[in-house]
Amino acid sequence: MGKGGQPTEVKRAESQMDLSHLRRESRTALELAVVALAPSDIIDRLATSAGLLEALVELPTDSAPVMALVPKLVTRTRLALDDWQKWHHEHLEGKIAQG
């Protein structure tokens, strides 16, 4: 715990908000990837990230599962989102602009 409870509480609230945002972003990307028939690897990675984030966001931020899983999950989710955005840009944006 940090000195004086408030900074820790603010950091915890920001962390929870970051996780909620990442959860929403990964769910939206998953839905779009499914509709766009993106490669199964991208869909699977987005689905895994979205599902784990969905489960973890319900737990207290200082719980053992959250503390153990979140750091690597955030990294994996951001990589999956980056790969989705790259695939989307390469395969869909050009087609939409031409249409």
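What share of the contacts in the chain with a separation of 6 or more comes from residues 24 or more positions apart? The figure is 66%. Contact here means heavy atoms within 4.5 Å.

Ground rules next. This is a predicted model, in which local features need pLDDT of at least 70 and side-chain atom pairs count only at pLDDT 80 or more, while totals for chains, interfaces and linings use all residues. Residues are numbered from 1 along each chain as its sequence is written, and side-chain values use heavy atoms, with hydrogens and water left out.

Now confidence. pLDDT is the predictor's confidence in each residue, on a scale from 0 to 100. The chain has a mean pLDDT of 86. In 80% of its residues the value reaches 70 or more. By element, H2 is highest, at 97, and H1 is lowest, at a mean of 82. Residues 1-5 have pLDDT below 50. Beyond near neighbours in sequence, that stretch makes three contacts in the model. Where pLDDT is low, the predicted coordinates should not be read in detail.

On to the architecture. The chain has three helices and zero strands. From the N terminus, the order is α-α-α. H1 covers residues 5-35 and H2 covers residues 40-56. H3 covers residues 64-98.

A geometry check on H2. The expected span of a helix is 1.5 Å times one less than its number of residues. For the 17 residues of H2 that gives 24 Å, and the end C-alpha atoms are 24 Å apart, so the two agree.

Now burial. Buried means under 20% relative accessible area, exposed means over 50%, and partly exposed lies in between, with a 1.4 Å probe and protein chains only. Of the 99 residues of the chain, 28% count as buried. In H2, the buried residues include Ile42, Ile43, Leu46 and Leu53. Ser49 and Ala50 are also among the buried residues of H2.

Which residues have the most contacts inside the largest nonpolar core? They are Ala33, Ala38, Leu46, Val70 and Trp84, in a core of 20 residues. H1, H2 and H3 each supply at least two residues of this core. H3 gives the largest share, eight residues. The definition of a nonpolar core: buried Ala, Val, Leu, Ile, Met, Phe, Trp, Tyr and Cys residues, joined through side-chain atoms within 4.5 Å. Take Val70. Leaving out residues up to four places away in sequence, Val70 touches Leu19, Leu56 and Pro65.

Ser26 sits in helix H1. Its relative accessible area is 0%, so Ser26 is buried. Beyond four places in sequence, Ser26 touches Ser49, Ala50, Leu53, Thr77 and Leu81. A polar side-chain atom of Ser26 lies 3.0 Å from the backbone oxygen of Arg23. A polar atom of the Ser63 side chain lies 2.8 Å from the backbone oxygen of Pro60.

Last topic: charges. How many salt bridges does a search of the whole structure find? The search finds four. A salt bridge is a side-chain nitrogen of Lys or Arg within 4 Å of a carboxyl oxygen of Asp or Glu.

Start with Glu54 and Arg27, whose side chains pair at 3.1 Å, N to O. The pair links distant parts of the chain, with Glu54 in H2 and Arg27 in H1, 27 residues apart. Glu54 is partly exposed, at 30% relative accessibility. Arg27 is partly exposed as well, at 32%. Arg23, Arg27 and Glu54 are linked in a network of salt bridges.

Then Arg45. Its side chain meets Asp83 in a salt bridge, at 2.8 Å, N to O. That pair also joins distant parts of the chain: Arg45 in H2 and Asp83 in H3, 38 residues apart. Arg45 forms a salt bridge with Asp41 too, the closest N and O atoms being 3.5 Å apart. Asp41 and Arg45 are four residues apart in H2, so about one helical turn separates them. Relative accessible area is 25% for Arg45, which is partly exposed. Asp41 is partly exposed at 45%, and Asp83 is partly exposed at 33%.

Methods:
A polar contact is a pair of N or O atoms within 3.5 Å; within protein, one must be able to donate a hydrogen and the other to accept it, and residues adjacent in sequence count only if both atoms are side-chain atoms.
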